[in-house]
Amino acid sequence: MPLDVMGLFFFAYRDFVGDADALLARQGFGRAHHRVLYFVNLKPGMPVADLLDILKITKQSLARVLRQLIDNGYIEQKMGDADRRQRLLHATQKGRALFETLSETQASRIDAAIAALPPDAGRIVRRFFVGMVEPEDRGLLDRLKLTERL
């Protein structure tokens, strides 16, 4: 078993989310709020149904988190043009600003780690993460444009 990789993955993830967790806690939010902010900023106008598919959580779980983000002015819902029942999610200016703040330390950590590796290592790291994703979800990575730098 790759216990060393598993342990390294744990510590890397702990430190990767640590700074963001502290900022989120000051807002009364948690990691679920960060995930929603991330994907809504990544793909503005994302339908709620798509977000449910990505996060693999229940409607009830998402509704609680989404309600808090909407009530606090970070996310807004708009009706779909073709289907008025469809709820499309958009980050507000406040939501984009929080997302940028949360992402700054994470991006710095990633950039520094990749910069310390050989020149083509960034692509190898990205391929490693794609390999960790379930095969049936890899098309979703493409649709979200997360595999463009492979």
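**Entry 1: contacts and overall form**

I looked up the contacts first: in the protein chain, residues 24 or more positions apart account for 52% of the contacts with a separation of 6 or more, a contact being heavy atoms within 4.5 Å. The model is predicted, so local features need pLDDT of at least 70 and side-chain atom pairs count only at pLDDT 80 or more, while totals for chains, interfaces and linings use all residues. Residues are numbered from 1 along each chain as its sequence is written, and side-chain values use heavy atoms, with hydrogens and water left out.

I noted seven helices and three strands in the protein chain; these are DSSP runs numbered from the N terminus, helices being H or I with at least four residues and strands E with at least two. Along the sequence I read the pattern α-α-β-α-α-β-β-α-α-α. The C-alpha trace spans about 50 × 35 × 30 Å along its principal axes.

**Entry 2: surface and charge**

Of the 150 residues, 30% count as buried (buried is under 20% relative accessible area, exposed over 50%, partly exposed in between, with a 1.4 Å probe and protein chains only). The chain exposes about 10000 Å², of which carbon and sulfur atoms supply 57%; the areas come from the Shrake-Rupley method with a 1.4 Å probe, and for residues only the protein chains shown count as cover.

**Entry 3: the nonpolar patch**

I found a nonpolar surface patch of about 470 Å², made by V5, F9, F128, F129 and M132. Such a patch joins nonpolar side chains (Val, Leu, Ile, Met, Phe, Trp, Tyr) within 5 Å, like charges being joined within 9 Å, from residues with over 30% relative accessible area and no salt bridge. Helix 1 (3-27) and helix 6 (121-132) each supply at least two of its residues, and the largest share, three residues, comes from helix 6. F129 has its place in helix 6 and counts as partly exposed because its relative accessibility is 41%.

**Entry 4: salt bridges**

I noted seven salt bridges in the structure, each a side-chain nitrogen of Lys or Arg within 4 Å of a carboxyl oxygen of Asp or Glu. Among them, D15 and R14 meet at 2.8 Å, N to O; D15 is partly exposed at 31%, and R14 is partly exposed at 40%. I also looked up K78 with E76, at 3.7 Å, and R123 with D120, at 3.0 Å.

**Entry 5: a loop residue**

Which loop holds E134? E134 lies between helix 6 and helix 7 (138-143).
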